[in-house]
Amino acid sequence: MDKRMRVLVVDDSRASVSIVSRLLQQCGFSDIEHAYSAEEALEALHARRHPLVISDCNFAGMSGVQFLMTVRGDPLLSNTCFILMTAQRDRELIAG
């Protein structure tokens, strides 16, 4: 994996964004951007290419799964690598 790639970390918890960003930096990634909602993340994805998105599943408004489906449905974004994360244990949340 090219560690020079731009990564977008999406979570409404600033603490979680900080933790994930620090872990990415420890792994050698340096071009890390943040968004604090799915809507903000979509704006960032349309403004600049992000080959990798790491997103929380649980947001107010558009959920992480809905965010993923929106990205997959956009021809300009559909090839974006996407990792969903959650601290929730509710399988129904993850199943969408």
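Which residues have the most contacts inside the largest nonpolar core? In this predicted model, local features need pLDDT of at least 70 and side-chain atom pairs count only at pLDDT 80 or more, whereas totals for chains, interfaces and linings use all residues. Residues are numbered from 1 along each chain as its sequence is written, and side-chain values use heavy atoms, with hydrogens and water left out.

A nonpolar core is here a set of buried Ala, Val, Leu, Ile, Met, Phe, Trp, Tyr and Cys residues joined through side-chain atoms within 4.5 Å; buried means under 20% relative accessible area, exposed over 50%, and partly exposed in between (1.4 Å probe, protein chains only). The largest such core has 16 residues, and those with the most contacts inside it are Leu 8, Val 10, Leu 45, Val 53, Phe 67 and Val 71. At least two residues of this core come from each of strand S1 (7–10), helix H2 (38–47) and helix H3 (64–73), where helices (H or I, at least four residues) and strands (E, at least two) are DSSP runs numbered from the N terminus. H2 supplies the largest share, 5 residues.

Beyond its neighbours within four places in sequence, Val 53 is in contact (heavy atoms within 4.5 Å) with Leu 8, Val 10, Leu 45, Phe 67, Thr 80, Cys 81, Phe 82 and Ile 83. Another core, of 10 residues, lies apart from the largest one and includes Met 5, Val 7, Ile 32 and Ile 54.

With a disulfide defined as a pair of cysteine sulfur atoms within 2.5 Å, the count comes to 0. For Cys 57, the nearest cysteine sulfur, that of Cys 81, is 17 Å away; Cys 57 is buried, at 2% relative accessible area. For Cys 81, the nearest cysteine sulfur belongs to Cys 27, 16 Å away, and Cys 81 is partly exposed at 45% relative accessibility.
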